[in-house]
Amino acid sequence: MEMEKVIEIQHLSKSFGSHEVLKDIDFTVNKGEVVCIIGSSGSGKSTLLRCINLLEKPNGGSIIYNGENILDSKHDIYGYRTKLGMVFQHFNLFNNHNVLSNCMVGQLKVLGRSKEQAQTVAMKYLKVVGMEQYINAKPKQLSGGQKQRVAIARALSMEPDVLLFDEPTSALDPEMVGEVLKVMKELAQSGLTMLVVTHEMGFAKEVADRVVFMDKGVIAEEGSPEQIFNNPTEDRTREFLSRVL
Ligand code: ADP
Ligand code: MG
């Protein structure tokens with residue numbers, strides 16, 4: 001079956017000074033696919049996500065979206081960025097806004113939706129993450145797991161083509177990891193396109209369509225969860241897995 005590509009990365013590179021953090025990265029995210037990125041701390045996972053959503057400027061390569069290289073200087077970066085949702089390790093909620101408002105601000109300011117429409121959409125996604133009872137709460141009144149579920153609802157409220165997650169459960173107390181992974185699993189099953197950097201090997205194994213193993217700025221190996229976890233071809237994949245599993 002021919003898959004529809006949402007984002008295609010070609011020869012992407014990124015350096016900080018003389019430190020080459022991403023080296024000639026190639027990979028594709030297809031529509032409806034869940035891709036998990038795994039690898040040691042410092043291997044370049046966050047930098048890759050930050051390059052994809054242009055929080056960092058790549059030094060070279062292409063990011064093809066809708067058939068166009070968005071790194072071309074004449075490209076409309078603003079429009080592209082509204083099509084990507086991002087969920088961060090530390091939630092990055094607006095602390096002075098309540099839950100409902102957190103899910104409306106971007107819709108009002110970036111998408112130009114009406115207040116009424118933004119509220120309807122926000123409520124729809126707050127229900128999806130099970131936080132509709134908390135619309136008037138401020139972030140500081142919520143647990144970490146609840147905050148992250150609101151952050152996911154906020155990202156969904158922008159109705160992005162792909163949702164990027166950077167270790168969404170790493171900052172959570174262990175007892176709250178499950179509720180966030182459960183929401184993410186439901187989103188995956190609903191057909192959302194997701195690119196997830198994670199240390200949760202159980203999640204990657206169970207939910208990913210494809211697993212990408214990064215090591216020292218390169219994609220060392222990628223394949224089905226079955227292949228990566230049960231039958232890796234690279235020594236460094238085996239070595240990494242033996243440390244984390
Ligand atoms: P990971 O998310 O896999 O832990 P990162 O992408 O955060 O890895 O980092 C990869 C490497 O790039 C690390 O050596 C890190 O120190 C370096 N790095 C990341 N961001 C910056 C930055 N803004 N300035 C300088 N070095 C950075
Ligand atoms: Mg990281």
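Reader: Which glycine follows α7, and what is its phi?

Author: This is a predicted model, and the angle given here is computed from it. Helix α7 is followed by glycine 191. The phi of glycine 191 is positive, near 100°.

Reader: How many residues does α7 have, and how far does it reach from its first C-alpha to its last?

Author: Helix α7 runs over residues 174-189, which amounts to 16 residues. At 1.5 Å a residue, a span of 22 Å is expected, and the computed reach is close to that. From first C-alpha to last, α7 with its 16 residues reaches 24 Å.

Reader: Why do the buried residues of α7 lie on the same side, and what arc do they cover?

Author: The buried residues of α7 are Met176, Val177, Val180, Leu181, Val183, Met184, Leu187 and Ala188. An α-helix has 3.6 residues a turn, so residues three or four places apart point the same way.

Reader: Which exposed residues does the face of α7 turned away from its buried side carry?

Author: The buried side of α7 packs against several elements, among them β3, α5 and α6. The face turned away from that side carries exposed residues. They are Glu175, Lys182 and Gln189.

Reader: Is leucine 156 buried or exposed, and what is its relative accessible area?

Author: Leucine 156 lies in helix α6. Apart from neighbours within four places in sequence, its contacts are Tyr125, Val128, Leu163, Leu187 and Leu192. A residue counts as buried under 20% relative accessible area. Leucine 156 is therefore buried, its relative accessible area being 4%.

Reader: How far apart in space are leucine 156 and valine 121?

Author: In sequence, leucine 156 and valine 121 are 35 residues apart. In space, their C-alpha to C-alpha distance is 9.0 Å.

Reader: Which residues of α1 are buried?

Author: Helix α1, residues 45-52, is mostly covered, with six of its eight residues buried. Just after α1, leucine 54 has a positive phi of about 65°. The buried residues of α1 are Lys45, Thr47, Leu48, Leu49, Cys51 and Ile52.

Reader: Where is valine 110 found, and what nonpolar patch does it form with Tyr78 and Leu111?

Author: Valine 110 is found in the loop between α4 and α5. Valine 110 counts as partly exposed because its relative accessibility is 35%. With Tyr78 and Leu111, Val110 forms a nonpolar patch on the surface, and their accessible area together is about 270 Å².

Key: Residues are numbered from 1 along each chain as its sequence is written. Chains are lettered from A and ligands numbered from 1 in the order in which they are written. This is a predicted model: local features need pLDDT of at least 70, side-chain atom pairs count only at pLDDT 80 or more; totals for chains, interfaces and linings use all residues. Side-chain values use heavy atoms; hydrogens and water are left out. Patches are made of residues with over 30% relative accessible area and no salt bridge: like charges are joined within 9 Å, nonpolar side chains (Val, Leu, Ile, Met, Phe, Trp, Tyr) within 5 Å. Accessible areas come from the Shrake-Rupley method with a 1.4 Å probe; for residues, only the protein chains shown count as cover. A salt bridge is a side-chain nitrogen of Lys or Arg within 4 Å of a carboxyl oxygen of Asp or Glu. Helices (H or I, at least four residues) and strands (E, at least two) are DSSP runs, numbered from the N terminus. Buried means under 20% relative accessible area, exposed over 50%, partly exposed in between (1.4 Å probe, protein chains only). The expected span of a helix is 1.5 Å times one less than its number of residues. Contact means heavy atoms within 4.5 Å.
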